[in-house]
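Have a look at the structure first.

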Amino acid sequence: MKIGIDTFGCEHGRSGIGSYLTSISQSFQNTDEVQFELFGAEIDRYTYGRDSNIGYESVILPDDERSEKLWHMFISNAFAKKQKYDAMLFPASSYAMPLFFTTPSVAVVNDIVSESFASKTFAEKMRIKFCLKHVNKIIAPSMYVKKDLRRLGINQDKIIVVHNGINHSLFYQREIITAETEMIKPFAIRRPYFLYASTLSSPLKRHIELIKGFEIFKKKTNLPHRLVLSGAEGACAESVRKTAMISPYASDIFITGYFPHESFPALYAGSEGCLFPSEIEGVGLPVLEAMATGVPVACSKTGALQEIAGEKAILFDSSNIEEIAASIEKIAVDNKLRKKMIKEGVEWAKKFDWQQTATETLEVLKSVIK
């Protein structure tokens, strides 16, 4: 059995879906029974699966979105036949897929499609819905995403929930750090600080509400804590930076920009807690990574976060800055609560493992092969 894995639309590993593809491809291993092969732009040959025995097939195309989408619509089926794939996996399914599937295929939907539709044209919305309705199976990372797809009219029988994992060789509980400054090249971040790790891509990521909630916390407690916002630039980067700059606590707000995934364990471990106010998370891996690292989490009660965090996080209404401030204060001042959250969070995060994700994903792929 030979399985092709599409790398297009995964932003060269610098996004959530890119991190997903990197992690799952490293968890897949070729055997006598199953052979995996990644395919995509030559530039990504060493981006994904470099630590596994999976091969890579380059697709020579102009480096632009239009060319890649046209290739998927009109050429990808012939490519799959040439490569003799028995099944295909499309991790960035909202980006590009064939209109019709001559090779049995599985789409991965890691985002909340109904939310992402707000920025798409009518034609693009129709294309995505058409592809999702005709693909053989869909993998969703949470029940929340599955319900969202149901609202779009996708047949629920074809949707399988497979939770994402986390890399426990990177994210694990470390010794308590006592140094005044956390040194993570190229940054030197003064402690104590709270961390929000997410791209600055949408108002519903609630960076601005978090900044305002942080201001209330600072004014009420006068504690020395800082707020670190870490994530790639996006459509809302300018407004977030402006809000931080005019804040009365601007000197305590640090925006790092893109931060390498492998450096996040140290960033989490040095923090007082992970704050995650986003309302549009279909996966919510940062809350699990933070828990595994041994820090308490406060996050939005919307999206998939409540499902993923279980009862191990403080939940708040992320449109309510007073609630955000109160949640930050609980983590900062209640040592008994902190210890309880850390202990329970570490145990909870152990349930999410990339090898298990890969095993369940392979079973879905096998199920579409007749």
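Q: Where does K242 lie, and how do you know that the element counts as a helix?
A: K242 lies in helix α8. Helices here are DSSP runs of H or I with at least four residues, strands are E runs of at least two, and both are numbered from the N terminus. Keep in mind that this is a predicted model: local features need pLDDT of at least 70, side-chain atom pairs count only at pLDDT 80 or more, and totals for chains, interfaces and linings use all residues. Residues are numbered from 1 along each chain as its sequence is written, and side-chain values use heavy atoms, with hydrogens and water left out.

Q: What makes K242 buried or exposed?
A: The labels go by relative accessible area: buried means under 20%, exposed over 50%, and partly exposed in between (1.4 Å probe, protein chains only). K242 has 54% relative accessibility, so K242 counts as exposed.

Q: Why is K2 called partly exposed?
A: K2 has a relative accessible area of 24%, and therefore gets the label partly exposed. You'll find K2 in strand β1 (residues 2-6).

Q: Which residues is K2 in contact with, leaving aside neighbours within four places in sequence?
A: Contact means heavy atoms within 4.5 Å. By that rule K2 is in contact with Q35, E37, Q83, K84, Y85, D86 and A87. For Y95, the C-alpha separation from K2 is 23 Å, and the two are 93 residues apart along the chain.

Q: What makes K84 worth a look?
A: K84 has a positive phi of about 60° although it is not a glycine. Most residues other than glycine have a negative phi, and most peptide bonds are trans. K84 sits in the loop between α3 (76-83) and β4 (87-90). Its relative accessibility is 66%, so K84 counts as exposed.

Q: What about N222, where is it and what is its phi?
A: N222 is not a glycine either, and has a positive phi of about 60°. N222 is in the loop between α7 and β11 (226-230). With a relative accessible area of 68%, N222 is exposed.

Q: Which residues does a cis peptide bond join?
A: R191 and P192, where omega is about 0°. P192 lies in the loop between β9 (187-190) and β10 (193-197).

Q: Why are α7 and α8 called roughly parallel?
A: Axes are lines fitted to C-alpha atoms, for helices over the stretch in contact, and angles run from 0 to 180 degrees between N-to-C directions. Angles under 35 degrees count as roughly parallel, over 145 as roughly antiparallel, 65 to 115 as roughly perpendicular and the rest as oblique. The axes of α7 (residues 207-221) and α8 (residues 237-246) cross at roughly 10° and come within 9 Å. That makes the pair roughly parallel. On the α7 side H207, I208 and I211 meet S239, V240, T243 and A244 of α8.

Q: Why are α1 and α14 called roughly perpendicular?
A: Helix α1 (residues 16-27) packs against helix α14 (residues 354-367) at an angle of about 80°, with the axes 9 Å apart. The two are therefore roughly perpendicular to each other. Y20, S23, I24 and S27 of α1 make the contact with W354, Q355, T357, A358 and T361 of α14.

Q: Are C131 and C236 buried or exposed?
A: C131 has 0% relative accessibility, so C131 counts as buried. C236, at 13%, counts as buried too.
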